[in-house]
Amino acid sequence: MKLMKQRALVFRSSSQSKKKKFDIDKSIFIKPKTFHLTVLMLKLWNKDRIAQASDILQSVSSQVNDALENRPISIQLRGLTCMKGSPARARVVYAPVLEVGGEGRLVRACKVITEAFVKSGLVLERDAKQELRLHATIMNVRHRKSKKSNRRNDSFDARAIFRQYGEQDWGEYPVPAVHLSQRFKFDEGGYYHCCCSIPLPEVAQSE
C-alpha cells in the first residue's frame, strides 16, 4: 500500500517524443496519472487489515497537520537519480524530492504516519527499518512488457537521458492529501484505488 499521493505530471506533455528519441521501451515509464510519493509499504491481505489501516490513518490526521504546523506543504522535483547501479545499467530512475522551504515539516509528518503504522504491526520488520527516501519514480524496468525469461537482471541505458535531464528542475507541486492506496487497482481517473485519505492544509483561496 502507498500512502502519500502527489500528482506531479512532469512528463505529461513530452513523454512520447522522449521515449522514441532515447530508444527506451515506453512500457517502463511510469504512467503520469499514478505519480505519487511513497511513505511506506503495508501488508494488508484482508478487509479487516484494510479497515484497521484506514482507522489508523484517520486517527493521526490532526497529528500530521500539527507536524505541518497547519500550513500547506509543497515539494520541488529536481534532477534524476538511479535507485541502484549506474545510468548505464539503470533499473529504476526517479526525481528526488525537496521540500519547498526546507523546514523539515514534510519529514516530520511522514514520521508521525510511519510510527503509527509500525506500532500497529501492519508493517513488516524489514520495511519498518527502511530509511525514508521520498521520490517520484519516472522509469522502472519491472513494468517492462516483454517475454524476457530473466527480468531480475533487466536494465536499460539511461545515460543520454541523464546527460540532457540529469539537472532538470521539474517544478514545484503542492501535496494535498495522504492516501492509503491499493496497488494494481485503479480508480476512474487512472490513479490507484483509494481505501482512505486525510486532507492536508490547503492554500487559502483569494476572493
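The model is predicted. The protein has 207 residues, of which 45% count as buried. Its secondary structure consists of six helices and nine strands.

**Whole protein**

- Among contacts with a separation of 6 or more, 78% are between residues 24 or more positions apart.

**Helix 4**

- Helix 4 spans residues 105-120 and has 16 residues.
- From its first C-alpha to its last, helix 4 reaches 23 Å, close to the 22 Å expected at 1.5 Å a residue.
- Eight positions are listed as buried in this helix: Arg105, Leu106, Ala109, Cys110, Val112, Ile113, Ala116 and Phe117.
- Viewed down the axis of helix 4, these buried residues fall within an arc of 150°, so they line one face of the helix.
- Gly121 follows helix 4 and has a positive phi, near 90°.

**Ile113**

- Ile113 belongs to helix 4 and is one of the residues buried there.
- The relative accessible area of Ile113 is 0%; the cut-off for buried is under 20%, so Ile113 counts as buried.
- Val39 is 74 residues from Ile113 in sequence, yet the C-alpha atoms of these two residues are 8.1 Å apart in space.

**Strand 5 and its partners**

- Strand 5 covers residues 92-99 and is mostly covered, with six of its eight residues buried.
- Strand 3 (residues 74-78) runs antiparallel to strand 5, and three bridges join the two. Leu77 has Val97 in strand 5 as its bridge partner.
- Strand 4 (residues 81-82) also pairs with strand 5 in the antiparallel sense, over two bridges. Here Thr81 stands opposite Tyr94 of strand 5.
- Strand 6 (residues 135-140) is joined to strand 5 by five bridges, again in an antiparallel arrangement. Met139 in strand 6 stands opposite Val93.

Conventions. Residues numbered from 1 in each chain as written. Predicted model: local features only at pLDDT ≥ 70, side-chain atom pairs only at ≥ 80, totals over all residues. Heavy atoms only, no water. Helix = DSSP H or I, 4+ residues; strand = E, 2+ residues; numbered from the N terminus. Buried < 20%, exposed > 50% of the residue type's maximum accessible area, 1.4 Å probe, protein only. Expected span 1.5 Å × (residues − 1). Arc of directions from axis to C-beta. Pairing = 2+ DSSP bridges. Contact = heavy atoms within 4.5 Å.
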